[in-house]
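Reader: I have a chain on the screen and some time before my next run. Can you walk me through it?
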Amino acid sequence: MSSPGAGRLILIVEDNDKNVKLSKDILRFYGFRTIEASRGEDGVAMARENLPNVILMDIVLPGMDGIEATRQLKAEVSTREIPVVALTASVMQSDQARITEAGFAGLIAKPIDVQTFVEQVLAYCRPSVTS
Ligand code: MN
């Protein structure tokens, strides 16, 4: 396989080191560039600064959670077009409603399925922004 991720930047907002390492390793293997944040606030700041092609957003984070972070990103002109994908283990009915309402583009289940992860991420990537 060539490098399907070439030229694409992925922001991973996740506070579990093992999950960060696994997703980062897979994405980098396929040629993506990645940046990481472990807190919602930092994720929002990094999204503004780097305008990634897609954001993988954990829901339960220290401080601001992934739902609030996504809400903020969707409220800002510079970041609202960036697809944000919820990265989550189990989604309770109440969370599902909040996720939909916050403006997430979709959901990738944890633990990550190594076989399909890259395909799932690619499906959500938007073209690079050149300004
Ligand atoms: Mn978490």
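Reader: How are the donor residues of the manganese ion spaced in sequence?
Author: The spacing is D-x42-D-x1-V. Keep in mind that this is a predicted model.

Reader: Which residues and atoms coordinate the manganese ion, and at what distances?
Author: Asp15 and Asp58 each coordinate through OD, and Val60 through O. The distances run from 2.0 to 2.2 Å.

Reader: Where do Asp15 and Asp58 lie?
Author: Asp15 is in the loop between E1 and H1, while Asp58 is in strand E3, so the pair ties together parts that are 43 residues apart in sequence.

Reader: Is Asp58 buried or exposed?
Author: Asp58 is buried, because its relative accessibility is 6% and the cut-off for buried is under 20%.

Reader: And what about Asp15?
Author: Asp15 has a relative accessible area of 35%, so it counts as partly exposed.

Reader: Which residues sit on which side of E1?
Author: Leu9, Leu11 and Val13 are on one side, with Ile10 and Ile12 on the other. Both faces are covered.

Reader: What does E1 pair with, and in which sense?
Author: E1 pairs with strand E2, residues 33–37, in the parallel sense over 5 bridges. The chain gets from E1 to E2 through helix H1, residues 17–29, and this β-α-β crossover is right-handed. E1 also pairs with strand E3, residues 54–58, again in the parallel sense, over 4 bridges.

Reader: What stands opposite Ile12 in E2 and in E3?
Author: In E2, Ile12 stands opposite Glu36. In E3, Ile12 stands opposite Leu56.

Reader: And which residue in E2 is the bridge partner of Leu11?
Author: Ile35 is the bridge partner of Leu11 there.

Reader: Different topic. Where is Asn53?
Author: Asn53 is in the loop between helix H2, residues 40–50, and E3. With a relative accessible area of 4%, Asn53 is buried.

Reader: Which backbone atoms lie by polar atoms of the Asn53 side chain?
Author: The backbone nitrogen of Leu9 is 2.6 Å from a polar atom of that side chain. The backbone oxygen of Arg126 is 2.9 Å from a polar atom of the Asn53 side chain.

Reader: What else does Asn53 touch?
Author: Leaving out residues up to four places away in sequence, its contacts include Gly7, Arg8, Ile82, Pro83, Tyr124, Cys125, Pro127 and Ser128.

Reader: Zooming out, how many helices and strands does the protein chain have?
Author: The protein chain has 5 helices and 5 strands. Along the sequence they follow the pattern β-α-β-α-β-α-β-α-β-α.

Reader: How compact is the protein chain?
Author: Its radius of gyration is 13 Å, close to the 14 Å that the globule rule gives for 131 residues, so the protein chain is as compact as a globular protein of that length. The C-alpha trace spans about 40 × 35 × 20 Å along its principal axes.

Reader: What share of the protein chain is buried?
Author: Buried residues make up 42% of the 131.

Reader: Last one: what share of the contacts joins residues at least 24 apart?
Author: Of the contacts between residues at least 6 apart in sequence, 66% join residues at least 24 apart.

How values were computed
Residues are numbered from 1 along each chain as its sequence is written. This is a predicted model: local features need pLDDT of at least 70, side-chain atom pairs count only at pLDDT 80 or more; totals for chains, interfaces and linings use all residues. Side-chain values use heavy atoms; hydrogens and water are left out. Buried means under 20% relative accessible area, exposed over 50%, partly exposed in between (1.4 Å probe, protein chains only). Helices (H or I, at least four residues) and strands (E, at least two) are DSSP runs, numbered from the N terminus. Two strands pair if DSSP finds at least two bridges between them. A crossover is right-handed if, with the strands pointing away from the viewer, the path from the first strand over the helix to the second runs clockwise. Donors are N, O and S atoms within 2.8 Å of the metal (3.2 Å for Na, K and Ca); water is not among the atoms, so sites may look incomplete. A polar contact is a pair of N or O atoms within 3.5 Å; within protein, one must be able to donate a hydrogen and the other to accept it, and residues adjacent in sequence count only if both atoms are side-chain atoms. Contact means heavy atoms within 4.5 Å. The radius of gyration is taken over C-alpha atoms; the globule rule is 2.2 Å times the number of residues to the power 0.38.
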